[in-house]
Structure formats: structure tokens, C-alpha cells
Amino acid sequence: MMNRSSAPPAPPLTTQPCRRAGRLRSAVLSLLAVSALACTFLAAPAHASAADTTVAIDLSQSGAAPTHAGAGFLYGLTQDGSGPADSLLQPLQPALFRGGGARISGGGWIGDGYTAGAGYRARISAALSQAKRVTAAPYGASYHLLVSDLFGADTTQPANTAYPCDNGNCANWTAFIDQVVSDVQVSGVKVSYDIWNEPDGTGFWQRGVNSAQYYQMWDAAVREIRRLVPSASVVGPSYSGYNHSWLDSWLAQTKADGTLPNVLNWHFGTDPAADAADANSLMAAHSIPAIPLTINEYLFSQQQNSAYSAWFLDRLAVSGVSAAAHAIWSDCCGAGTLDSLLTGTGSSQQPSGQWWVYQAYAQLTGNRVAATNSGAMAVFATKDQSRGRAAALLGNNSGQSGTTTVTVNGLSATPWLLSGGTVHVTVQRIPDQSQLVTPITVTDTALTPSNGSISVPVNVVSGTDAYTITLSPNGVAPTPPPVATTTVDANSTGAGTDQFSYSSGWGVANGISDMYAGTANWTQTAGSTAQFQFQGSQVALHAVRDTDQGTMTVSVDGSAPVTLDDYAATRNASGIVWTSPVLASGSHTLTVTATGNRNANSSGSTIALDSADILQAQPSGTTVTVDANTTGTGVNQFSYSTGWGLATGISDMYAGTANWSQTAGSTATFTFTGNKVALHAVRDVDQEMIAVSLDGGTETVVDDYSPTRNASGTVWTSSSLASGTHTLHIRVTGNHNPSSSGFNAALDSADVTTN
């Protein structure tokens, strides 16, 4: 997010001044950056010619669990924080969000005449709504509150803006800080205070990078925040790019002033691992104990593709940076597209290729293993015995294509990956597409290791595509097929989404007991058509099959018509007569045409439509959280015996509810479809022991006593399960830890994971 008019000291990368630009097309705004997103443009990478490279993975050298640094977003949510849907956000396991209400009309504190008026209120309300969602379960992410956006310095501020500490007067700035801290404290939401965005650029700060006034502003804010809330987390300096000399001077000054941040951050950079190493060396040179590092914006506009995203994530994974946020370029600041990882809006949103890269990155679980890069190709890999798999993400930062051979060593140290002396290898390509239903499987085979090693050739079709490699004993589960989410009656008519429309020649019959909604839309007129507009990735058509039915054609999105014969010797009034192929998720049109023809055995040529099922693609690797108060006898529902009660309005529990019992022998069951389940329950000073079992297996006793309360933590997790429907059984034992003061058992929620 940088905007600067004068040339800064040359950073250690080839740059030219630029702005973090959104899709704002006026001549003036095109010269500015959209609020938290300015940049230092790297020269666009030359498209590399095809070249063969080799990267290596060593499964015998195991390290710590992956931190998944990089799973974060700048202004990736809708203004009120409600979007995107959990089904598109949870699979990415995001850990960092950043925002402050940029570009919300009213101009913030500045627009209100340097007071807390409606403009400021709109921004703080939006930011805290976002923070409230993502800092709570199931996310538990950090939220960096952009204080300068609340102030109104988002490149839309007027030319006569009075900046903090102008003429040495910091009084209004301090009053503003008091207001922000008060509002945050009242909300009860935990945030980190990101003081000023890109103070090296004139779009946000027009008083000089590392100037005396800048340090006045910084010191006043930090001291006031810490006076009001000594435990508060402060973030800075948020430079628009990694710059050794700027950061060197900044660390020296803020150390001398006693205003060092709790989190040291910058934006963009060349290689996050190299930049982090340099930042750590600077802190050591100034005798500053190591401060956690974040990169609050990364990936320039020309780097926004599957391959470069994978490369940057691979480098973040080994950098020691604690968290990072994907930059936004085309839809600031409340579109809710996860910084363009999603296309569409609301329920019509669909994943892009980059979304699938982040989903694959989240699936790198267990322990990291040693990996060696080659040229522009980077690889990060993990092994996870609990999931029975090792996995790697492959990306490049130069548009390189050709064949990359992935050499995997150390298989003799992971015998659990072998079955019958072979290891199953699955390679998937993640194309750089704006809409992508699922990655493309390009290799799915068993290989026999030689001296504990295998070689996996990856033909990089396009230099903008990423690849994943998965090793398992018997292959990975296939991508789940689309599942039906909505059934639409054929008599739901109109010109909108999920509606049928009919030409002339159609009639409606009512009161038909064996049809959906009791209605049938029918025709005997050759050439009569029906169209069904829908949003989804597949459609299934229900129609009457009977002794008097004729033939019809169906097509989707103008494809070649398929002829269907609706004659049947026995009646089936609402069965599926045709299912489309899997489509790219989005808007589609199904067309049905009556031919006027019939089977020789049929007594008529009637066509009668019943309904349509809309199916949606299921992203693999998703985790769904189900509140323990979601009750019933179906899938992803809890059911309870007698002896249970319900408590509501509990702020530290998922959905604010707890299902509880003090009755020994009381039971709860949770039926789910997936490959893993994790149970969340209260741990506290008055909790007892529960017994947990799965699919009728042996019980495991879980002691929920804890000297400190954790109302929604995970108390038990299953091993990896075969795909299918399973039942989790919870029994109240009536026993407790001697240190516990009570016999309470309180369930919070369950996480269901699908591989």
C-alpha cells in the first residue's frame, strides 16, 4: 500500500514507485493506491522458456509443525464481516486479517471534522464486525486494525488534511487514539493496532518517511495505547516494501524512544525468507530481542496467479514470518472476495485457481520435512502419519514451464506410506483460472521405491499453474462429487435464478400426489420449450415416466441436445431422467424441448416436468463446524437422551450455546459424513469425565477438568476414517477428577473434516 512522490532510499530490490491500485478507474484515483494496498512494483518477471529442473524432498528429515504463515487477507471480507461463506473461508484456515474501514463513505475521523462522527462510526463498526467474526471460533485468527484508515488517511483524504502532530500539536491525534481504544475495549474484541499504513508513501502520509513528525505521531500513539491498555499489541512500521536502511533507522529510533512494536511488519518484498533473515539480523545488531514478524500485504498485481502464489507460500512456510496477508488489487475494500481469490458475489461465489492453492497449502499438515528448491521452482512438503499421507506444494516465480522432477527420498523412514512395497502418488495441477471447480489430476499411480527414493516427473504445462504431490499407501480419496443442495419445483416460474420459464403450449396440473409439490408442468406440443436458470455445478432433472409419455431433448448452456425417452411400462412420476455433466460452478441454463415423438410402445407424446435438483461442488479438505445444539436424526446433527439441558447466551462458546448434563449415563450422539471428527467441550474447574467412542468402538475417557476455563477447545479428535457416515457417541460417566468441584459435562460443537 504505498504511494510516494519522491524517490526513497533504494531498497534492496529493483523497484519503481507505484500505488496499490484497486478497480477504481478515474484518472486521479488510478494514480493513487486503494487504501491499504499500495505497492512497489517489481519488474514483471520475464516469461521463462521451458527448462527441466529437479527439486528434492527428504521424508527422513522431520521438523516442526507447519505454521501456515500466508493464510491471511487484507480487506478480504465484506464490510460487515459476514462474507464470504464459512464453506469458502474455513478450508483455507486463515490466521490473519487486516482492515479499518477504508473508503467507506464519510471519510472517517477526518471527514467528521476530526471528531467521532458518523464517518468514523461507520468505519470502526465495520472493522470490529469483521474482527468479531474472525477472532472467534472456529477461526481464532488475529486482526490488525488499521488505525490510519479509521483516521481517514486512505488516499481519499482532502489536500488540506491536518496530519497527526502537524506543527508539533498531537492533541487531536491523542484524542483520536483515545476514542479508538475506548471503542475497541467496549466491543470486547481483541485486535492489534496497526498505527499507520505505508508511512513512506504520500498517498497515506505526506510528512516524510522516518521524519521527525512521523516519530512524533508514532510515539504519541504507542504511548497512549499502552497507557490505556498496557497489554495491547502494536504493529508497525508497515512500510510499503522491505527496505533495509529504513528499517535499520526505524529500529534504532523506536528503541531509543521506548516505542518498539509488539509485531514488526512490512509489505511485499522479494523473498520473504531472505527479508525475514535480514530483519532478524537488524534486530540482533540493535540488541533488540526478537520481535514476531508479519508481512501485512504480499503479491503484486502481476504475481497474482496460481504458480506465484504457491511459490510465495512455500517461501513463507520456511521464513519464520509468523503471519502474512494476501494483498488486494481489484476489489477494495468490502467485496468479500478474499482479495480476488473468489469470483462472484454472495451465494454465487466460486473458487479461483488461487483459492485452490491456499486450500492445498492448508492441507500441508503434520510435520514439515526437508526440501530443496531449484531455480525458480520452490517446494514445501509435510508428512502426517495420522492422516496417512505426505504432501507437497510446487510453485514458481518466473513463469517457468518444462518438466520438474520431484525426487522424494527417505521413504524407508516412513513405512506407513507403503502398501505392498509401493507408494501411491497423486499429482494434481491447479490451473490459473478465475473459476475452477477442482484441480486436475494428472498422475495417479503406484511407484516402487529404489533405496527409499522415487522420482515423480511433473510436466508444467503453463508457468502460471501450481501443482500438488500427494503420497499415500493406497491413493487419496477422489474429489467429492457435487451434492444436491436445492430442489426447485418445475412450477417455480420467472426469469430469475433457480426458476423455470415456459414457451407457449404448456399447461399445469395440480393435486398430483406422487409428484414434488403436487404439480406437473406438461405439454403435448412439438417444439415447446422450457428453460431452467440455475446457479451450481450440476443439475438433475425430474420428470414423469409412464405409459403415455413421449420423447424430449435436453441441453445445458447450448450444448448438443440429448434425446430422452420418457416412456415406461410402470409409472415413476418424480424420478431423475437426466443428470448433466459436472459444470464449472456458476450460472447455467437447462433447456428442455418437446419433440412431439414417442416410443412405439407409448400411447401418447406428453412431456411432464416435476422438478430439478441443483448440485454444488464440494471443495475437498473442508472442515465444517457443527454447533452441539444442531439437533435431529440426520447427517451433521446431534441427538440427546434424557438428562440434558441447554444454556444460551454464553459468549465464549460457539454459537453462544452449551448442551449440558449432570446425569450419569446420559448420552449424546453425533452422526456425520467425513474422514475425521473433533469434539469441542467445556474444560473448567467444575467439569467431570466423559466417555467418547466412534462407530461402536472402544470408549476413551476424557477428563474435562481444568484449573483454567476453556469453553470451546478440542477435547478429543478421531484418527483418519474411511469416507462415509460415522457416529460419535458421548456418555456422561458420573465420575470426576478429585480436583473438580462438580459433575458437569457441557458440549460445544464438533468439527467434521472431509479429505
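This is a predicted model: local features need pLDDT of at least 70, side-chain atom pairs count only at pLDDT 80 or more; totals for chains, interfaces and linings use all residues.

**Helix packing, backbone geometry and a pocket**

The axes of the two helices cross at roughly 40° and come within 10 Å, and the crossing of α5 and α6 is right-handed. On the α5 side the contact is made by Trp173, Thr174, Ile177, Asp178 and Val181, and on the α6 side by Met217, Ala220, Ala221, Glu224, Ile225, Arg227 and Leu228. By class, the residues of this contact divide into eight nonpolar, one polar and three charged.

Helix α5, which spans residues 171-187, also packs against α3, residues 118-135. The axes of α3 and α5 come within 11 Å and cross at roughly 40°. That angle makes α3 oblique to α5, and α3 passes α5 in a right-handed crossing. Here Tyr120, Arg121, Ile124 and Leu128 of α3 meet Phe176, Gln179, Val180, Asp183, Val184 and Ser187 of α5. The contact of α3 with α5 has six nonpolar, two polar and two charged residues.

A further helix pair is formed by α9, residues 306-317, and α10, residues 353-362. Their axes come within 9 Å and cross at roughly 25°. Angles under 35 degrees count as roughly parallel, and α9 and α10 are therefore roughly parallel to each other. The crossing in which α9 passes α10 is right-handed. From α9, the residues Ser306, Ser309, Ala310, Leu313, Leu316 and Ala317 meet Gly353, Gln354, Val357, Tyr358 and Tyr361 from α10. This contact of α9 with α10 comprises seven nonpolar and four polar residues, with no charged residue.

The backbone is considered next. Most residues other than glycine have a negative phi, and most peptide bonds are trans. Against that background, the peptide bond from Gly83 to Pro84 is cis, with omega near 0°. Pro84 is placed in the loop between β4 (72-74) and α1 (86-89). A cis peptide bond also runs from Gly236 to Pro237, with omega near 5°. Pro237 belongs to strand β8, residues 233-239. Glu198, although not a glycine, has a positive phi of about 45°.

Rolling a probe the size of a water molecule over the atoms shows where empty space is left. The second largest pocket has a volume of about 740 Å³. Of the 30 residues that line this pocket, Gln93, Thr623, Ala678, Asp751 and Thr753 are the closest to its centre. Which strands each supply at least two residues of the lining? They are β33 (623-627), β38 (676-681), β41 (714-717) and β43 (745-753). By class, the lining of the second largest pocket has eight nonpolar, 17 polar and five charged residues.

Definitions and conventions: Residues are numbered from 1 along each chain as its sequence is written. Side-chain values use heavy atoms; hydrogens and water are left out. On a 1 Å grid over the protein atoms alone, a cavity is a set of points where a 1.4 Å probe fits but cannot get out, and a pocket is an open set with protein on both sides within 12 Å along at least five of seven lines; lining residues have an atom within 4 Å of a point. Grid points are joined across faces, edges and corners, and a volume is the space filled by probe spheres set on the points. Helices (H or I, at least four residues) and strands (E, at least two) are DSSP runs, numbered from the N terminus. Ala, Val, Leu, Ile, Met, Phe, Trp, Tyr, Cys and Pro count as nonpolar, Asp, Glu, Lys and Arg as charged, and the others, Gly among them, as polar. Axes are lines fitted to C-alpha atoms, for helices over the stretch in contact, and angles run from 0 to 180 degrees between N-to-C directions. Angles under 35 degrees count as roughly parallel, over 145 as roughly antiparallel, 65 to 115 as roughly perpendicular and the rest as oblique. A crossing is left-handed if the near helix is turned anticlockwise from the far one by less than a right angle, and right-handed if clockwise. Contact means heavy atoms within 4.5 Å.
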